[in-house]
Amino acid sequence: MATHTLTDVLASDARIPRRRMAVGATLLPHTFPDDVIAVLDGALAVEVSLADGDVQILEVVGPRSGMLRGRSLIAADRPARLRALVPTTVVRLPEAEFLRLLEADGRLACSLADQLCDRAGELRERLFARNARDARLRVAHSLLYLRDKIGLACPLAPGHRLPLSQATIAAVAGVARQTVNRALRDLQALGLIRLEHEMLCVLDRSALKTFAQGGQVKHARAPAAGCAFAHPAAPLSCHPPEFIPVTLVSLTLRRFV
């Protein structure tokens, strides 16, 4: 059976206005307290500012995440905001209109319920990961989470380059940027990832997942001598890796490679 998600329905209705958000653009929930937001493509980070000035990302919302209610994101002590991690298209419609849409389409209502249940499961997993004492486990889980939410491609599909800063990884993992630095270096030493030319490449997703869950990594994939993604003219000399491009400070990157 073909999928029948909220994204499908909203994307097919040309009467509903769309907004294209550039990387880093934000939406403030207090400007749409009685509306709902849905992501047609891209990814929005739900983030809050902490008392010490740091930013924490509560979750990343994509096309398969259902919807966000403006009212539920408003908090007096820690107001949330939505920030585009990649170029993102969103639609916004009044809550009353959204409810009429669900009442008229029972299959859509069931699909949305499934999506919200999936989000609840993801949040439970993230809470469990954030309780890990080993920061490397937190960072590894965050990389997997970002991979699943934003989407990846192998070096043969360079159109999927997605810039992510170490600050974003730190905000998802709930650790300091310096801790992310050390964790990424350790993960690379284990052969789980590779950092080169502002690009983070997951060499073995299965092993990284095992590591993120606290298991022992019995083997690691050796980094390729030449990467067709980092060096387009070079032949692909390794198993096509999955990757998350990241923006790294050049001095930090030189310490990794």
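## A buried aspartate and its partner

Asp 35 is buried, with a relative accessible area of 14%. In this predicted model, the side chain of Asp 35 meets that of Arg 92 in a salt bridge, at 2.8 Å from N to O. Arg 92 is partly exposed, with a relative accessible area of 40%.

## Other salt bridges

The count of salt bridges comes to 10. One of them joins Arg 20 to Asp 41, with the closest N and O atoms 2.5 Å apart. This pair links distant parts of the chain: Arg 20 sits in strand S1 (residues 18-21) and Asp 41 in strand S3 (residues 35-41), 21 residues apart. Arg 20 is exposed, with a relative accessible area of 52%, and Asp 41 is partly exposed at 31%.

Arg 83 forms a salt bridge with Glu 47, and the closest N and O atoms are 2.9 Å apart. Because Arg 83 lies in strand S7 and Glu 47 in strand S4 (residues 44-49), the pair ties together parts 36 residues apart in sequence. Glu 47 is buried, with a relative accessible area of 4%.

## The largest pocket

The largest pocket holds about 440 Å³ of space. Its lining is made up of 18 residues, and Glu 125, His 141, Leu 144, Lys 209 and Gln 213 lie nearest the centre. Helix H3 (106-130), helix H4 (135-150) and helix H7 (205-212) are the elements that give two or more residues to this lining.

H4 supplies the largest share of the lining, 7 residues. By residue class, the lining of the largest pocket divides into 7 nonpolar, 3 polar and 8 charged.

## The second largest pocket

The second largest pocket has a volume of about 310 Å³. It is lined by 18 residues, of which Asp 54, Val 55, Ala 167, Ala 170 and Ala 171 lie nearest its centre. Two or more lining residues come from each of strand S5 (55-61), strand S7 (80-84) and helix H5 (166-173).

The largest share of this lining, 4 residues, is from H5. The residues lining the second largest pocket comprise 7 nonpolar, 5 polar and 6 charged. Strand S7, one of the elements that contribute to this pocket, also carries Arg 83, the salt-bridge partner of Glu 47.

Notes: Residues are numbered from 1 along each chain as its sequence is written. This is a predicted model: local features need pLDDT of at least 70, side-chain atom pairs count only at pLDDT 80 or more; totals for chains, interfaces and linings use all residues. Side-chain values use heavy atoms; hydrogens and water are left out. On a 1 Å grid over the protein atoms alone, a cavity is a set of points where a 1.4 Å probe fits but cannot get out, and a pocket is an open set with protein on both sides within 12 Å along at least five of seven lines; lining residues have an atom within 4 Å of a point. Grid points are joined across faces, edges and corners, and a volume is the space filled by probe spheres set on the points. Ala, Val, Leu, Ile, Met, Phe, Trp, Tyr, Cys and Pro count as nonpolar, Asp, Glu, Lys and Arg as charged, and the others, Gly among them, as polar. A salt bridge is a side-chain nitrogen of Lys or Arg within 4 Å of a carboxyl oxygen of Asp or Glu. Buried means under 20% relative accessible area, exposed over 50%, partly exposed in between (1.4 Å probe, protein chains only).
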